[in-house]
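This report describes how elements of secondary structure are arranged in the chain shown below. It treats packing between helices and then turns to the sheet.

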Amino acid sequence: MSAFIDFYFDFASPYSYVAAHMIEEIAERQKRSVIWHPIVIGSAFKAVGGAPMQTLPLRNEYVEKDVARLTRYLGLPYEHPSAYPVPTQAAACAFLWGQDRDPARAKEFAHKVFAAYFVEDRNIGDLDVILEIIESFGLERAAAHEALNSTQLKDRLKAETDLAMARGVFAAPFFIVDGEPFWGYSRLPILEKWLADGPF
């Protein structure tokens, strides 16, 4: 069996924000590690015939209310972003850039990006916002700016997203453990039981 739980997320997904606060605790209880994978969910929508949230008014309205209720239930801070959704390529590339250097700090970065968007109402689609978060870790803005604009990093993000879709990932959050897929934060209790008791 793999010792890893693969966690696929999009920084503009409120349910990914929720899942990011839950998955590590589950992994720790079940003696697993989590590998975080940023993806651009718009690409997956195109592949499976889905549609962006803003084009589905009834669903969009429900999700806004549901996430507010869910975060109150879980005791998580939350403020629905005034700009929603936003492009997440820069944030995802920044995560990959940081992950290569220090995976643990990259997860801290991810939490800061989620908080910037879903708590502080900062537009994480703005490259300057991402660079400011990177600077808060004591990293040089100029070096980060150069890396995030590199073709190499953008191509890597596309490859990561393509690989996720090849593994069956079509939405976020999405988890794969021992080859078994689980879609959505609501499947996390089932995922944990799968880890604790074995396949069923």
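In this predicted model, helix 5 (residues 89-101) and helix 7 (residues 127-135) have axes that come within 9 Å and cross at roughly 25 degrees. Because angles under 35 degrees count as roughly parallel, helix 5 is roughly parallel to helix 7. Their crossing is right-handed. Helix 5 contributes Ala90, Ala91, Ala94 and Trp97 to the contact, while helix 7 contributes Leu127, Ile130 and Ile134. By class, the residues of this contact divide into 7 nonpolar, no polar and no charged.

Helix 7 also meets helix 6 (residues 103-118): the two axes come within 10 Å and cross at roughly 135 degrees. Helix 6 and helix 7 are therefore oblique to each other. The crossing of helix 6 and helix 7 is right-handed. On the side of helix 6, the contact is made by Phe109, Lys112, Val113 and Ala116; on the side of helix 7, by Ile130, Ile133 and Ile134. The residues of the contact of helix 6 with helix 7 divide into 6 nonpolar, no polar and 1 charged.

| Helix pair | Axes come within | Crossing angle |
|---|---|---|
| Helix 5 and helix 7 | 9 Å | roughly 25 degrees |
| Helix 6 and helix 7 | 10 Å | roughly 135 degrees |

In what order do the 4 strands of the open sheet lie? The order is 2-1-3-4, and the pairing is mixed. Strand 2 (33-38) and strand 4 (180-183) are the edge strands, each pairing on one side only. From one strand to the next, the twist averages 20 degrees.

Strand 1 (residues 4-9) pairs with strand 2 in the parallel sense, over 6 bridges. Within this pairing, Asp6 has Ile35 in strand 2 as its bridge partner.

A helix also packs on the sheet: helix 10 (residues 188-197) touches strand 1, strand 3 (174-177) and strand 4. The direction of helix 10 makes about 5 degrees with that of strand 3.

Key
Residues are numbered from 1 along each chain as its sequence is written. This is a predicted model: local features need pLDDT of at least 70, side-chain atom pairs count only at pLDDT 80 or more; totals for chains, interfaces and linings use all residues. Side-chain values use heavy atoms; hydrogens and water are left out. Two strands pair if DSSP finds at least two bridges between them. Helices (H or I, at least four residues) and strands (E, at least two) are DSSP runs, numbered from the N terminus. Axes are lines fitted to C-alpha atoms, for helices over the stretch in contact, and angles run from 0 to 180 degrees between N-to-C directions. Contact means heavy atoms within 4.5 Å. Angles under 35 degrees count as roughly parallel, over 145 as roughly antiparallel, 65 to 115 as roughly perpendicular and the rest as oblique. A crossing is left-handed if the near helix is turned anticlockwise from the far one by less than a right angle, and right-handed if clockwise. Ala, Val, Leu, Ile, Met, Phe, Trp, Tyr, Cys and Pro count as nonpolar, Asp, Glu, Lys and Arg as charged, and the others, Gly among them, as polar.
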